Amino acid sequence: MFSAIANTFANCFKIPELKSRILFTLLLLGICRFAAMIPVPGLDTAELARYIDEFQENARQSGTSLLGLYSLFTGGALSRCAVASLGIMPYISATIILQLMTAVVPRLSKLSREEGGRTKIVQYGRYLTLLLCLGQGFLMALAWENPDKIPGFQDFAGQLVMSDNIWWYRIETVLMLTTGTMLLMWLGEQITDRGIGNGISLVITIGILAELPTAGQALRLMFFPPEGVEDVKDPIYLVPMVALLLIVVSTVVAVTQAQRRIPVQYAQRAVGRKVYSGGSSFMPLRVNYAGVMPVIFAQAILMLPEMVFQFLAQQTGYGIFTDLASALRMGSIPYLVLYGLLILFMSYFWVSTQFNEIQIADDLKKHGGYIPGVRPGQATSDFLHRTMSRITLAGAIFLTIVAVIPIILYDAMDIAMPVAQFFGGTSMLIIVGVTLDTMRQMESYLLMRHYDGFLKKGRIKGRF
């Protein structure tokens with residue numbers, strides 16, 4: 001098996017175009033990692049790294065892990081106080097906002113169906129990314145200026161800002177953070193156009209994979225800590241952990257590729273003087289249609305009320321707010337219940353905004369297609385809605401199970417979070433999804449040259 005994979009990778013470098021695209025992609029990803037290493041001037045980088053480490057350590061009691069989650073997506077750039085501290089998330093947020101607005105705003109919906117409309121929407125996304133970067137960059141500059149004001153770390157007494165001119169520090173920091181994100185966005189688009197594709201996703205993935213050495217170090221310290229540490233786990237627990245990792249990875253791969261194929265039949269039709277013969281095809285409906293978006297939304301939504309209750313507890317001193325914040329702590333029963341319900345809700349919400357069964361039914365009817373046993377028009381739309389609702393439930397349950405595995409490992413089994421996050425959740429879903437998409441991109445070049453692919457066998461013999 002491993003020799004076949006190695007031979008497939010070797011075949012990738014036998015195709016000149018694919019070889020150049022792979023090397024170009026690796027070069028730009030290296031630049032992305034370099035941007036995550038360059039610190040922003042005017043800040044004490046060592047103090048900030050210590051601050052992030054203490055904040056994540058306190059997250060077990062406070063439940064507030066917003067900085068830890070954001071630092072994960074930036075590949076550790078936030079903890080290094082780098083110019084890429086905002087990461088690519090402002091662009092992702094702008095894209096999601098525009099996707100949701102396209103589904104509910106008639107003018108944007110009409111623009112998306114016009115020729116060249118998608119290009120304009122992408123341009124709007126870049127403008128919105130710039131505005132989000134300016135706003136988030138200013139908030140991040142204020143957070144670095146007053147770290148003790150962040151809920152959950154009010155006892156921090158360090159000083160991060162070393163600049164004497166506070167307004168020059170703010171302007172400089174905002175400009176550098178904005179430039180870092182816009183650079184990452186441009187590099188991602190270049191990878192999509194001139195590399196192996198999935199540029200933005202690869203930028204996120206390489207940031208997550210950059211934390212693997214930290215996870216390996218944390219795993220080693222769990223079973224082989226330095227002298228004087230009494231909390232040592234028996235190495236026998238490595239066996240079930242490896243088994244769980246293999247099960248989770250194989251399940252994520254299977255569900256990510258799973259789809260319901262709806263048969264579609266096309267009748268013979270005449271267009272002008274040309275007669276087009278009928279045929280049969282299928283419409284693939286992905287089980288995990290929403291991807292990782294419901295998990296991201298659920299995490300972001302649940303972090304907000306806990307931070308608000310902590311802030312109110314600090315300002316008012318009322319114990320009720322402290323109890324509410326503790327009830328919503330990561331790993332608590334109310335947190336897990338609300339987390340699962342939010343993932344279910346956001347899965348259906350995302351599908352309802354992105355999957356337009358009415359337009360699909362109209363397009364099928366316009367092109368002479370129909371689903372066998374289902375009448376064209378409204379009946380087809382109802383059939384697609386009913387089918388998508390059923391498979392979305394299966395996908396949402398799968399997302400819920402995968403999302404809560406790291407939380408259970410971290411809170412109930414006392415597994416370090418850098419290790420637990422690779423057993424499921426957002427990290428695993430992104431890594432597996434992007435890896436499969438990238439392999440499909442590379443496989444298309446291999447199959448055109450009749451080499452064996454990653455996911456299925458290519459044709460060595462036979463007609464071209």
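Predicted model: local features only at pLDDT ≥ 70, side-chain atom pairs only at ≥ 80, totals over all residues.
View 1. Relative accessibility at T256 is 15%. The cut-off for buried is under 20%, so T256 counts as buried. A polar atom of the T256 side chain lies 2.5 Å from the backbone oxygen of V252. Contacts beyond four places in sequence are made with R286, V432, G433 and L436.

**View 2. Packing of helix α6 against helix α7.** Two packed helices are described by the angle between their axes and the distance between the axes. Here, α6 covers residues 106–113 and α7 covers residues 117–145. Their axes are 6 Å apart, at an angle of about 125°. Angles from 65 to 115 degrees count as roughly perpendicular and those over 145 as roughly antiparallel; α6 and α7 are therefore oblique to each other. From α6, the contact involves L108, L111 and S112. From α7, G117, R118, K120, I121 and Y124 take part. By class, the contact has 4 nonpolar, 2 polar and 2 charged residues.

View 3. The relative accessible area of E189 is 15%. Buried means under 20%, so E189 is buried. With residues up to four places away in sequence not counted, E189 touches Y91, R126 and I200.

Notes
Residues numbered from 1 in each chain as written. Heavy atoms only, no water. Buried < 20%, exposed > 50% of the residue type's maximum accessible area, 1.4 Å probe, protein only. Polar contact = N/O pair within 3.5 Å; in protein donor to acceptor, adjacent residues only side chain to side chain. Contact = heavy atoms within 4.5 Å. Axes fitted to C-alpha atoms, helices over the stretch in contact; angles between N-to-C directions. Helix = DSSP H or I, 4+ residues; strand = E, 2+ residues; numbered from the N terminus. Parallel < 35°, antiparallel > 145°, perpendicular 65-115°, else oblique. Nonpolar A, V, L, I, M, F, W, Y, C, P; charged D, E, K, R; others polar.
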